Structure formats: C-alpha cells, structure tokens
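This briefing describes how one protein chain is folded. Please keep the sequence and the structure in view while reading.

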Amino acid sequence: MAGTARYEELVRQFSAFGVIKREMNRIMPAGCPGGSASVLTLLGRHGPMRMSRLAELLSVDMSVTSRHVAHLAERGWIERSPDPADKRSRILRLTPAGRTQLDELFRRTTRLLAERLDDWSDEEVGRLTQLMARLRDSFGECRTVPRPVPPAPEQTTRTPAST
C-alpha cells in the first residue's frame, strides 16, 4: 500500500481535474449541460433503464434525476415509456435525436482531448486510459454502498522514560 503522502498528492491532482471538467462543459452543445451529457452517456452505454437505475448510476437523488430527464425529454433526446413489468414505472431510452446528440458530444470531447494531448505519445494516452479504467473499476459502477474509510494511522510520540 502506498504511503499517505502519495494519496495526498492524488487528492490534489483530483482537485485539479475541475479545470478539465469545466473546459469540457464549455464545449458542450447549447442546451446540453454536464448533467444532461452524463444521462445521455449512461443511456448510450447501458441502454434503456428505469429512472431509479439512472439515479443510482448518477449517484444523485431522484429529484435531480427527474430534472435531467425532463430537460432531455423536452428536447426530444430521450423518451419515457411505460415499463411492461410495472406500469407505474417508466423506461428511459435514447431517441434517434438523442443518439445524434450523444455522437456530437463524443466528437467534441474527442477533438478537445486530441488537441490538449497532442504532445503525448500513443503509449502515454493508452496508459492513462488503462489507469483511469482501473480506477473507475476500483470504485465500481456506482456508489450505492460506499466502503467504510479506514481511520488514519495513529501518530505515536515517544516520551522520555522517567529516572
């Protein structure tokens, strides 16, 4: 296991990713903020699903998920249809327009990464991709049941022995 200092540096690097996420959000098409892009991406990756599953994958409250879904449905990018197994539930799926929007999101983000990582070798990009996939796998697909965080090791101080 790596020392605490290595994890502290990793935390600092994660904090710096905010800059990258903000730049990626700036290149999104009009009407498609980051939350909407996340929903489109998940539906593209996993296929049709219930809203409860989407909320679980997003790791957000159902009310937040409902707002994202309503936003996307208004634009015609997703459709909500009755779940044959439970008529009270809805199944969410991409529409052809949603698939087109998702393809545009991937084109834009791919172009941005290609520009920013232009001076990286193919091996470096490949290694980063492998490590990010491994990191994501370490956390699982969603955070419904977080693992307990172990306490930091206790610091012991020595006191001189009494004579």
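The points below go from the overall fold to the sheet, the helices, the core and some individual residues.

The structure is a predicted model. The protein has six helices and three strands, and buried residues make up 22% of its 163 residues.

**Overall arrangement**

- Read from the N terminus, the elements follow the order α-α-β-α-α-β-β-α-α.
- Among contacts between residues at least 6 apart in sequence, 53% join residues that are at least 24 apart.

**The sheet**

- In general, the strands of a sheet are held together by backbone hydrogen bonds, in a parallel or an antiparallel manner.
- Here, three strands form an open sheet in the order β1-β3-β2, and their pairing is antiparallel.
- Strands β1 and β2 (78-83) are the edge strands, each pairing on one side only.
- Six bridges join β2 and β3 in the antiparallel sense.
- Two bridge partners can be located in the structure: Asp83 is partnered by Asp86 of β3, and Ile78 is partnered by Leu94 of β3.

**Helix packing**

- The axes of α3 and α4 come within 9 Å and cross at roughly 110 degrees. Angles from 65 to 115 degrees count as roughly perpendicular, and α3 and α4 are therefore roughly perpendicular to each other.
- On the α3 side, this contact is made by Met51, Ser52, Leu54, Ala55 and Leu58, while α4 contributes Met62, Thr65, Ser66 and Val69.
- The axes of α2 and α4 come within 9 Å and cross at roughly 80 degrees. These two helices, α2 and α4, are therefore roughly perpendicular to each other as well.
- Gly35, Ser36, Val39 and Leu40 of α2 make this contact with His68, His71 and Leu72 of α4.

**The nonpolar core**

- The largest nonpolar core has 20 residues, of which Leu40, Leu43, Leu54, Ile78 and Leu105 touch the most other members.
- At least two residues of this core come from each of α2 (34-46), α3 (51-58), α4 (62-74), β3 (86-94) and α5 (96-116).
- Helix α2 provides the largest share of the core, namely five residues.
- Leu54, which is also part of the contact between α3 and α4, touches Val39, Leu42, Met49, Thr65, Val69 and Leu92 when residues up to four places away in sequence are not counted.

**The aromatic pair**

- The structure holds one aromatic pair. The ring centres of Phe14 and Phe17 are 6.5 Å apart and the ring planes stand at 45 degrees, so the pair is tilted.
- Both Phe14 and Phe17 belong to helix α1 (residues 4-26), where they are three residues apart, or about one turn of the helix.
- Phe14 has a relative accessibility of 40% and counts as partly exposed. Phe17, at 35% relative accessibility, also counts as partly exposed.

**Two individual residues**

- Arg50 lies in strand β1 (residues 49-50).
- Is Arg50 buried or partly exposed? Buried requires a relative accessible area under 20%; with a value of 31%, Arg50 is partly exposed.
- Apart from neighbours within four places in sequence, Arg50 is in contact with Asp83, Ala85, Asp86, Ser89, Arg90 and Ile91. Two of these contacts, Asp83 and Asp86, are themselves bridge partners.
- Arg50 and Arg80 are separated by 30 residues in sequence, and their C-alpha atoms are 9.1 Å apart in space.
- Gln101 is found in helix α5. With a relative accessible area of 12%, Gln101 is buried.
- Which residues does Gln101 contact, leaving aside its neighbours within four places in sequence? They are Pro29, Cys32, Leu40 and Trp77. One of them, Leu40, is among the core residues that touch the most other members.

Methods:
Residues are numbered from 1 along each chain as its sequence is written. This is a predicted model: local features need pLDDT of at least 70, side-chain atom pairs count only at pLDDT 80 or more; totals for chains, interfaces and linings use all residues. Side-chain values use heavy atoms; hydrogens and water are left out. Helices (H or I, at least four residues) and strands (E, at least two) are DSSP runs, numbered from the N terminus. Buried means under 20% relative accessible area, exposed over 50%, partly exposed in between (1.4 Å probe, protein chains only). Contact means heavy atoms within 4.5 Å. Rings of Phe, Tyr and Trp (its six-membered ring) pair if their centres lie within 6.5 Å; planes under 30 degrees apart count as stacked, over 60 as edge-to-face and the rest as tilted. A nonpolar core is a set of buried Ala, Val, Leu, Ile, Met, Phe, Trp, Tyr and Cys residues joined through side-chain atoms within 4.5 Å. Two strands pair if DSSP finds at least two bridges between them. Axes are lines fitted to C-alpha atoms, for helices over the stretch in contact, and angles run from 0 to 180 degrees between N-to-C directions. Angles under 35 degrees count as roughly parallel, over 145 as roughly antiparallel, 65 to 115 as roughly perpendicular and the rest as oblique.
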